[in-house]
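I am opening my notebook on this structure. I want to see how its parts are arranged, one entry at a time.

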Amino acid sequence: MENIIEVEGLNKKFPPDTHALNELNFQVKKGLTFGLLGPNGSGKTTLIRILVGILRPDSGKVIVFDESSKWSEKATKIGYMTQSQALYQDITVSENLDFFATIYGLSTKEKRKRVEELISLVKLEEKEKSPVVTLSGGMKQRLSLATALIHKPELVFLDEPTVGIDPSLRIEFWNYFKSLNRQETTIVLSTHVMEEAARCDELVLLREGKLLAQGTIEKLLAETKAKNLEEAFLALEESK
Amino acid sequence: MSTGRTLAVAKRIIRQLVRDRRTLGLIVIVPLLLLSILGALFKTTRVFEVGFINQDEGITTPFGTEKISLKIENALKDTDNLKWHKSSLAQAKNDLETGLLDTYVLLDKNFSKDISERKSPRVIVKLEGSDPSASQQILGLINQNLLSSFSDQKLVDLKVEYLYGGEKFGTLDYFAPVFIAFFAFFFVFLLTSVSFLRERSQGTIERLFASPVNNTEIVIGYFLGFLIFALIQSLIVLLFTIYVLDVHFLGNILFVFLIELILVVGAVNLGIFLSAFARNELQVIQFIPVIIIPQALISGFICPVKSMPMLLQWISYVMPLTYANNALRGIMIKGMGLAKVSFDIYVLIFFALLMILLASLSIRKGV
């Protein structure tokens with residue numbers, strides 16, 4: 001299977017002395033749900049920000065899609081859901097979606113169709129005309145996901161996407177992620193919740209900016225002889 | 001009421017303030033800064049530059065030609081607020097237009113003849129006229145310093161003329177143009193800096209940076225968004241001042257909008273630039289006493305730049321409102337065209353370009 005992301009010897013420091021990412025090497029295969037698992041402060045968000053082109057690495061090689069195309073071209077194929085609900089609070093649910101659809105160059109017809117589809121997907125039909133500021137935390141989280149998917153991206157980065165949403169909707173989200181994978185869409189998501197990570201096709205385990213391991217759940221469990229992901233994480237942490 | 005709980009709240013506030021060095025600094029420095037500016041402004045004695053043109057041809061006596069006007073000319077003395085400059089009519093006219101003179105006094109060719117024949121000699125006082133309160137002061141000073149040298153003041157036929165404005169012009173006419181510039185600059189700056197700060201704090205700017213949108217598109221988008229409101233605001237202010245406050249307006253309204261447009265480009269980008277140095281809305285508000293109020297005080301809003309102490313004059317020359325006020329006064333009160341305020345326009349364009357550069361360089365700061 002073809003790699004959509006390749007990371008080699010990636011380093012990122014923040015002054016005065018935070019080594020946020022330390023010599024990371026990993027690859028993400030196309031069409032999978034790829035998890036970045038690690039506790040708070042392990043470097044997941046910094047890594048995502050580098051992969052979406054917001055931050056520059058200090059050293060190392062980062063290839064997203066391919067080496068030749070410009071970031072502006074790549075950006076049209078990338079969806080990004082930030083950890084904070086990056087939404088315009090004073091405008092309505094549909095206006096937020098419409099704005100992001102325009103930014104990504106959707107035609108008027110496509111826009112109307114996608115806004116309807118996504119409002120229905122995240123179950124915000126009744127709040128379509130409500131200003132975002134009036135929504136609950138969970139609703140905002142759902143809308144934030146919808147804005148990241150509005151332009152049907154080939155590669156989606158989701159930073160802690162299921163925080164604050166109820167269990168039944170979480171299951172629906174995961175079903176949707178899997179349906180996206182079937183359409184060749186790659187999902188890279190960060191989480192610190194083991195249950196969530198267990199649903200990913202492949203994982204990297206991060207701790208204090210260092211990569212503890214990469215592989216499928218089965219591979220990680222086999223290598224560490226652990227019963228579950230939590231034990232595997234602890235075993236890997238101890239061994240390093 | 002629990003004293004302990006009350007004191008706990010107070011203690012927490014003190015702790016927060018002590019750790020917020022910028023606020024602490026502002027509490028101390030801003031009042032001192034503003035008081036210094038106000039002190040310097042109020043202590044300033046306004047000096048009026050007055051041209052003196054003597055066209056008196058004199059009278060012929062057995063001893064030759066005698067000019068009675070020379071006695072008056074020789075008696076002219078500079079005072080704390082009046083400086084005389086002997087000049088020709090052409091030079092004085094030019095100096096009045098370029099602002100080197102505030103007024104000129106002309107004794108006409110029959111001056112000596114009229115006095116010798118016990119007729120009223122003609123004295124013309126031509127005022128620049130755009131600042132009505134200055135005109136009043138100048139007339140008072142001329143009365144004191146010039147007409148007092150006449151043996152019979154009632155005999156003098158004093159004719160007051162105005163280059164701009166006139167007797168019907170009031171103080172409000174002088175201030176109306178600066179209100180338009182000030183409101184546009186202040187509100188656009190404030191709204192942009194708060195909006196952009198929200199983009200940063202709510203993470204939406206991060207979303208934009210991960211999208212195909214580039215810095216230029218963001219900066220121009222912000223400018224266009226706020227420009228519409230700034231122009232609507234200035235139209236309302238302009239119509240209100242003309243039709244409700246009955247302010248005189250001699251210029252072209254399109255020129256007013258052009259100046260405002262350039263000013264708004266600068267204000268939007270100044271807002272984007274400074275939002276990079278604020279972590280919250282309170283810190284944006286703290287820019288007002290540092291960026292906005294000094295401009296309101298020393299950009300020619302209260303008193304003309306040339307009358308201020310030299311240091312304040314130099315500071316005013318780096319403030320965009322100084323040039324906007326000058327241009328808008330030129331257009332609205334003096335009926336000037338764009339060519340006559342071109343220097344102010346160029347400086348405003350330079351300021352706008354500089355702010356675009358700074359905004360573009362700082363737009364990704366902290367992301």
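**Entry 1: the elements.** Before counting, I noted the terms: helices are DSSP runs of H or I with at least four residues, and strands are runs of E with at least two. The model is predicted. I then looked up chain B and found 15 helices and seven strands.

**Entry 2: overall form of chain B.** What radius of gyration does chain B have? I read 27 Å for chain B, whereas a compact globule of 367 residues would come near 21 Å. I also looked up the box that the C-alpha atoms of chain B fill. Along the principal axes, the box is roughly 95 × 55 × 35 Å. Of the 367 residues in chain B, 35% count as buried. Next I checked contacts between residues at least 6 apart in the sequence of chain B. In 80% of them, the partners are at least 24 apart.

**Entry 3: a helix pair.** I turned to two helices of chain B. Helix α9 covers residues 215–244 and helix α10 covers residues 253–275. Their axes come within 9 Å and cross at roughly 135 degrees. Because of this angle, α9(B) counts as oblique to α10(B). I noted the crossing of α9(B) and α10(B) as right-handed. Which residues make the contact? From α9(B) I listed several, among them B:Val219, B:Phe223, B:Leu227 and B:Leu231. From α10(B) the contact includes B:Ile253, B:Phe257, B:Leu261 and B:Val265. I sorted the residues of this contact between α9(B) and α10(B) by type: 16 are nonpolar, two polar and one charged.

**Entry 4: where the chains touch.** I moved on to chains A and B. How many residues of each chain are in contact? I found 16 residues of chain A in contact with 12 residues of chain B. On the side of chain A, α2 (71–75) and β5 (78–81) each give two or more residues. That side of chain A divides into 10 nonpolar, six polar and no charged residues.

**Entry 5: one glycine.** B:Gly58 lies in the loop between β1 (48–54) and β2 (59–61) of chain B. Is B:Gly58 buried or partly exposed? B:Gly58 has 18 other C-beta atoms within 10 Å, so this residue is partly exposed. Leaving out residues up to four places away in sequence, I found that B:Gly58 touches B:Thr65, B:Glu66, B:Lys67 and B:Ser112. Last, I looked up B:Ala210, 152 residues from B:Gly58 along the chain. The C-alpha atoms of B:Gly58 and B:Ala210 are separated by 84 Å.

Notes:
Residues are numbered from 1 along each chain as its sequence is written. Chains are lettered from A and ligands numbered from 1 in the order in which they are written. This is a predicted model: local features need pLDDT of at least 70, side-chain atom pairs count only at pLDDT 80 or more; totals for chains, interfaces and linings use all residues. The radius of gyration is taken over C-alpha atoms; the globule rule is 2.2 Å times the number of residues to the power 0.38. A residue is buried if 20 or more other C-beta atoms lie within 10 Å of its own, exposed if 12 or fewer, and partly exposed in between; C-beta atoms are placed from the backbone. Two residues are in contact if their C-beta atoms, placed from the backbone, lie within 7 Å. Axes are lines fitted to C-alpha atoms, for helices over the stretch in contact, and angles run from 0 to 180 degrees between N-to-C directions. Angles under 35 degrees count as roughly parallel, over 145 as roughly antiparallel, 65 to 115 as roughly perpendicular and the rest as oblique. A crossing is left-handed if the near helix is turned anticlockwise from the far one by less than a right angle, and right-handed if clockwise. Ala, Val, Leu, Ile, Met, Phe, Trp, Tyr, Cys and Pro count as nonpolar, Asp, Glu, Lys and Arg as charged, and the others, Gly among them, as polar.
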